[in-house]
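Let's take a friendly walk through a protein model together. Have a look at the picture first, and then we will go through it part by part.

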Amino acid sequence: RGESSTAMVSLPSLFTIERHILAQQGQHPGATGRLTNLLYDIALAAKLIARETTRAGIANILGATSAENVHGEMQQKLDVYADQVIFRMNDHTGRVCVMASEEHDDLLPIPAHHQPGYYVLIYDPLDGSSNIDVNASIGTIFAIHRKITPGDGRGTMEDVLQPGSKLVAAAYVIYGSSTMLVYSTGEGVHGFTLDPSVGEFLLSHPNIQVPSPGQYYSVNHGRHKYWSPGIRHFVAWLQALEDNDRSPLENRYIGSMIADFHRNLLRGGIFLYPADERRPDGKLRLTYEAQPLAFIAAQAGAYASDGIGDILDLQPRDLHQRVPVFMGNRELVEQAEWFLQRYDRDWLAEYAKRR
Ligand code: AHM
Ligand code: MG
């Protein structure tokens with residue numbers, strides 16, 4: 001009698017990503033709302049990609065492009081689809097002055113009539129592409145800079161090639177057992193889980209901080225024969241091979257950076273893709289992958305290094321530049337730097353010239 005209407009029922013999180021972004025904007029009285037709207041657009045693109053990802057097997061968009069579907073339409077591969085969705089979501093809003101995608105060699109200009117945009121959007125539309133066809137987790141990565149060149153004109157290479165320390169925001173989306181969006185505007189790291197029944201990202205992981213001590217290390221062991229002495233010694237140290245008093249870290253490696261990074265962010269540990277004999281600068285891209293994840297790592301109390309120092313301090317030289325990556329709990333990453341200093345001096349000296 002009347003009681004049922006006032007009794008507390010257990011509700012799911014009602015903190016949508018829109019509400020969260022808006023609340024963060026509210027803490028900055030001078031904010032124009034442009035960044036807020038750009039983040040909304042990113043969240044919407046993520047929902048569209050998530051929808052296609054879960055339909056991919058059925059819709060036959062895993063394999064080759066250039067196949068026709070039953071409607072006589074051209075089928076797109078998932079990575080091409082993701083790339084186009086993100087571009088088309090942002091090419092006309094007046095918020096973005098230039099974009100760059102890992103899928104394209106050159107900058108993606110914005111038509112003059114949609115200028116001036118105040119932000120630069122850099123993205124890796126579908127990272128971990130070797131995992132697409134085998135139904136393992138993949139991800140999307142976003143990095144946002146402020147336009148630094150003067151005037152209302154188009155964004156240029158100078159606007160895109162900024163150090164990670166200048167990032168305004170970074171985000172990633174993981175398409176796993178559920179879809180999650182994790183973002184930071186420099187005020188902590190916040191994770192949202194997509195509730196597909198209502199089509200909303202709901203706050204599930206507020207204020208993520210990397211736990212210590214770290215539980216996992218993640219590296220492609222198949223490349224052991226190409227590793228430098230420093231990396232061999234460091235991985236042996238992670239395995240506590242020569243130390244009976246210490247327990248080894250567990251090894252987990254998916255081969256999909258977002259999935260490996262996300263797990264280690266929640267559980268603690270280190271992810272590394274080092275330079276080796278075959279890949280003198282490692283594999284991962286500085287602007288599309290390393291910088292945004294280093295930004296998020298730093299906001300979560302972790303640290304990202306190229307083996308010499310903070311990835312966020314590196315000034316990119318070109319759009320698709322590669323960089324060795326060590327990310328995770330600070331004490332583990334600093335231990336990696338120590339092993340490189342001790343065993344790989346010659347390599348470090350050579351690398352430092354290109355750095
Ligand atoms: P991609 O951009 O071609 O997908 O490559 C990047 C991916 C990362 O997600 C992952 O960390 C790495 O490549 C794995 O590489 P490997 O298979 O050499 O271990
Ligand atoms: Mg990639």
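Which side chain meets that of Arg 330 in a salt bridge? The partner is Glu 334, at 3.0 Å from N to O. A salt bridge here is a side-chain nitrogen of Lys or Arg within 4 Å of a carboxyl oxygen of Asp or Glu. Side chains of opposite charge can pair when their charged atoms come close.

Before going on, a word on where the values come from. This is a predicted model, in which local features need pLDDT of at least 70 and side-chain atom pairs count only at pLDDT 80 or more, while totals for chains, interfaces and linings use all residues. Residues are numbered from 1 along each chain as its sequence is written, chains are lettered from A and ligands numbered from 1 in the order in which they are written, and side-chain values use heavy atoms, leaving out hydrogens and water.

Back to our pair. Arg 330 and Glu 334 are four residues apart in helix H9 (residues 330–343), so about one helical turn separates them. Helices (H or I, at least four residues) and strands (E, at least two) are DSSP runs, numbered from the N terminus. Arg 330 is partly exposed, with a relative accessible area of 39%, and Glu 334 is partly exposed at 36%. Buried means under 20% relative accessible area, exposed over 50%, and partly exposed in between (1.4 Å probe, protein chains only).

By the salt-bridge rule the count comes to ten. Another of these joins Arg 263 to Asp 260, with the closest N and O atoms 3.0 Å apart. Both Arg 263 and Asp 260 are buried.

Next comes the sheet. Eight strands form an open sheet in the order E2-E1-E3-E4-E5-E6-E7-E8, with mixed pairing. Its edge strands are E2 (108–109) and E8 (200–205), each of which pairs on one side only. Two strands pair if DSSP finds at least two bridges between them.

Follow strand E5 (residues 169–175) within this sheet. Seven of its seven residues are buried, so E5 is largely enclosed by the rest of the structure. On one side are Ala 169, Ala 171, Val 173 and Tyr 175, and on the other Ala 170, Tyr 172 and Ile 174. Strand E4 (residues 138–146) pairs with E5 in the antiparallel sense over seven bridges, and Gly 139 has Ile 174 as its bridge partner in E5. E5 also pairs antiparallel with strand E6 (residues 179–184), over six bridges. Three residues lie between E5 and E6 in the hairpin that they form.

Now find the magnesium ion (ligand 2). Glu 102 (OE), Asp 124 (OD), Asp 127 (OD) and Glu 289 (OE) coordinate the magnesium ion, at 2.0 to 2.7 Å. Asp 124 lies in strand E3 (residues 119–127) and Glu 289 in helix H8 (residues 286–299), so the pair ties together parts that are 165 residues apart in sequence. Donors are N, O and S atoms within 2.8 Å of the metal (3.2 Å for Na, K and Ca); water is not among the atoms, so sites may look incomplete. Asp 124 and Glu 289 are both buried.

Helix H8 is our last stop. Twelve of the 14 residues of H8 are buried, so this helix is largely enclosed by the rest of the structure. Among those buried residues are Leu 286, Tyr 288 and Phe 295. After H8 comes Gly 301, whose phi is positive, near 85°.
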